[in-house]
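Student: Could we go through this structure together, one question at a time?
Tutor: Gladly; here it is.

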Amino acid sequence: MTGAESDAAVARGRAGTVRSRRRLIYQQKYAGYVFIAPSLIFLFVFVVLPIFAALYLSFTQYNLLKPPKLIGLDNYQALLTDDRFVHSIVNTLVFALGTIPTGTALALLFALFVNQKIRGITFFRTAFYMPVVTSFVAVSLIWLLLYDPSVGVLNYLLQLVGLPRSEWLQSPQTSLLSIIIFTVWKNIGYNMVIYLAGLQGIPDHLYEAAEIDGAGDWEKFWSVTVPLLQPTTFFVVVVWFIGALQMFVQVLILTQGGPLDTTITVVYLVYSNAFEYLKLGYAAAMSFVLFIFIGLITYLNTRILSYDTAY
Amino acid sequence: MPHPHQMPGSRRRFLTAGASVLFGLPLLAACSNPSAPPPTAVASPKAAAPTPAPAATTPAAQPTGATQASTTIAVRFNGLATGSTDYVKKFVADWNGKQKIHIAPDFTDWSSSFQKITTGIAGGIAPDVYAAGGLWTPVMSTNGGAKILDDYLKNYQDWNDWYPAAQKDGVWNGKTYSIAYETGVQGMVGYQPDLYKKAGITNPPTTWDEARAFAKQLVQRTGDTITVAGWDFLANNTLSTQSYEDAIDQAGGHIFSEDKAKPTNNTPEGEAALSFLVGFVQDKSMPPQGTPGAMPTLNGWATGKVAQGRVAYTDLQYTHQYNPTLYQNTQVAASLKQVKQAQVLYVDKYMMYSKSKEPDAAWEVLQGLIAPDVLIAIYVQGDWATPARKAMANAKLYDDPRMKAVADGVNYALAREAVPQSFDVQPAMSREVEAAVRGTKSVKQALQDMDTAVAKILKG
């Protein structure tokens with residue numbers, strides 16, 4: 001082989017290497033798409049498509065049994081004059097404002113407690129988290145029994161300490177409060193675990209520095225723990241708010257919106273209109289209004305709760 | 001040494017190939033057609049089909065053992081108790097062993113049945129025959145979910161055996177769309193005789209005035225809490241209209257005009273009916289929410305918290321099941337009479353899917369399902385329901401005088417007034433009844449608002 005032939009061979013070899021590298025890169029990209037394709041298809045078919053289908057339905061009159069009939073903005077206009085819809089928004093907001101501050105404060109308190117390095121603390125961590133992993137329907141049924149005005153344990157305990165019995169879920173005055181209490185109990189473990197992770201991320205040297213400066217437990221809590229937990233609190237409040245605005249299972253199992261619509265929420269009203277009254281178009285319109293509402297509330301939350309704490 | 005990515009059979013190639021197979025398999029499965037049974041001729045409809053009940057005579061000249069199906073009819077049953085489900089399975093096994101038309105049963109609970117049937121109809125995959133609830137006739141008939149059965153019924157000799165109100169329940173715009181398989185009444189008067197004796201009452205009430213007067217004598221309290229109600233009726237958010245509908249029937253009124261085009265509750269009869277219910281709460285003879293339990297099966301009747309009141313067959317069933325001692329001390333009397341003795345008849349029925357591919361075969365199956373012994377076995381023994389046809393009145397359950405009284409109540413029960421929008425109308429009416437009972441609205445205001453709300457719903 002001459003030198004020129006050798007150079008040509010080397011050049012051909014290098015070109016071949018470049019081509020095979022490009023093919024490899026192409027194959028790697030292609031392989032990546034193949035791997036994520038099932039999830040993408042699943043998301044598209046079961047999440048994205050239904051959203052656009054619901055948007056279309058919100059402009060129709062549709063009862064499942066006959067084809068949808070386009071009616072323009074009639075559903076949205078009807079929402080403006082629907083007292084029950086407005087009432088459900090108020091109930092949903094009251095529920096959110098009732099569960100979030102209480103639940104957040106209690107979750108932080110529980111997290112502080114289980115963050116102790118004492119024997120047996122794992123038992124308490126598990127016990128506080130147990131309601132989270134239990135089926136919502138199952139615990140709702142249990143709480144139905146607890147809340148029974150005649151034979152329920154809660155009234156029995158109230159009477160034991162000399163307090164008057166309550167009608168709980170059966171009274172318009174206490175029905176929403178009863179659901180709030182149950183929901184806080186159910187969700188507290190989840191947020192406790194998040195706070196626990198946040199607490200364990202706070203460096204010890206900050207507490208040591210505070211101690212050196214003469215700070216007591218209370219000052220350390222307010223000046224070190226709370227500010228450095230702001231990102232965690234931000235996450236807990238925003239996520240809980242989004243969940244609270246979509247409250248449904250508790251109402252379905254415990255009260256079906258009663259008594260006197262005092263526990264009706266937006267999602268329950270969507271469900272009733274869609275699957276009981278067969279007004280799917282109207283329910284779809286309601287769900288989109290809820291979507292916009294949740295978006296606005298979340299935006300407000302992020303503006304109010306935005307943090308910039310750093311030590 | 002070759003680059004690992006260039007090696008034949010490398011890990012990366014293996015994973016890529018695996019992902020392609022995993023992704024491709026569901027696509028292939030989705031594109032394939034399941035094999036369908038070969039179409040065969042359907043047997044011509046007979047006037048009276050053989051009844052393959054467990055102890056009944058066998059059908060004419062059929063070989064034992066499973067027969068090859070000429071066609072299969074899907075039948076949906078709703079809300080069956082365990083014993084009834086077992087009976088149905090045995091019935092189906094016997095039927096399929098002797099008939100060329102096979103039954104494919106499907107069981108669901110009542111709470112999800114309406115959603116399932118409507119989504120099934122929307123998707124074109126509804127069962128050929130399905131159980132339907134009380135308010136379903138207008139909804140299904142006006143939306144093409146149910147087949148008209150008049151052509152089949154005119155040749156069906158047993159049709160006259162059905163109670164008139166049960167027949168009427170299946171009619172919409174002059175056409176029959178369903179056949180009742182069980183009925184229920186909720187307006188009978190239940191009472192505890194030993195509490196009557198303590199209060200010095202000798203006979204159960206027959207009029208509204210008597211009911212209210214007795215209720216005041218019977219109620220028991222601890223402080224302000226009513227421990228035993230002097231009267232009881234459904235007073236919750238979604239069902240309280242049922243109590244009101246019994247009362248307006250007794251007052252001689254109607255909830256809709258004759259053409260079902262407008263509501264007629266804001267009338268003297270409506271006012272009398274709602275005032276009657278509200279009166280018990282105003283008299284403090286019962287709490288405004290009634291006596292519901294945490295579980296439907298542990299309501300006031302089953303837990304002994306009701307001295308007398310409007311009683312449903314389910315109340316008796318639960319009391320018998322969970323408190324047999326109390327059941328022995330519970331009696332049933334006829335429903336009250338104001339202008340007339342009346343109560344609403346709740347009817348569960350079979351409907352045929354309007355787009356069933358084998359309607360004649362479905363009719364064959366339907367005839368088998370509505371035979372008296374089959375209905376008794378499934379719905380009377382299992383559900384404690386009252387009869388839909390007179391032949392069911394021979395059931396052993398009605399040897400019990402309480403259930404006999406309930407079964408007799410069917411004779412003067414009236415078909416429930418329903419419209420295609422009844423699933424929306426019922427809760428709207430219930431909200432107003434509840435508001436009046438709880439005292440947040442006057443009777444007059446509640447009835448005005450009720451008619452306004454219902455008129456808006458009917459208008460669409």
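Tutor: Helices (H or I, at least four residues) and strands (E, at least two) are DSSP runs, numbered from the N terminus. This is a predicted model, in which local features need pLDDT of at least 70 and side-chain atom pairs count only at pLDDT 80 or more, while totals for chains, interfaces and linings use all residues. Residues are numbered from 1 along each chain as its sequence is written, chains are lettered from A and ligands numbered from 1 in the order in which they are written, and side-chain values use heavy atoms, with hydrogens and water left out.

Student: How many residues of helix 9 of chain B are buried?
Tutor: Buried means under 20% relative accessible area, exposed over 50% and partly exposed in between (1.4 Å probe, protein chains only). Among the buried residues of this helix are Y244(B), D246(B) and Q250(B). Helix 9, residues 240-250, is mostly covered, and the number buried is 11 of 11.

Student: Which element gives the most to the lining of the largest cavity?
Tutor: On a 1 Å grid over the protein atoms alone, a cavity is a set of points where a 1.4 Å probe fits but cannot get out, and lining residues have an atom within 4 Å of a point. The largest cavity is lined by 13 residues, and D246(B) and Q250(B) are among those nearest its centre. Strand 7 (188-191), helix 9 and helix 10 (268-282) of chain B each give two or more residues to this lining. The one that gives the most, with four residues, is helix 9 of chain B.

Student: Is V347(B) buried or exposed?
Tutor: V347(B) is in strand 12 (residues 343-352) of chain B. Contact means heavy atoms within 4.5 Å, and, leaving aside neighbours within four places in sequence, V347(B) is in contact with residues including A132(B), A166(B) and T183(B). With a relative accessible area of 1%, V347(B) is buried.

Student: How far apart in space are V347(B) and A132(B), C-alpha to C-alpha?
Tutor: In sequence, V347(B) and A132(B) are 215 residues apart. In space, the C-alpha to C-alpha value is 8.7 Å.

Definitions and conventions: On a 1 Å grid over the protein atoms alone, a cavity is a set of points where a 1.4 Å probe fits but cannot get out, and a pocket is an open set with protein on both sides within 12 Å along at least five of seven lines; lining residues have an atom within 4 Å of a point.
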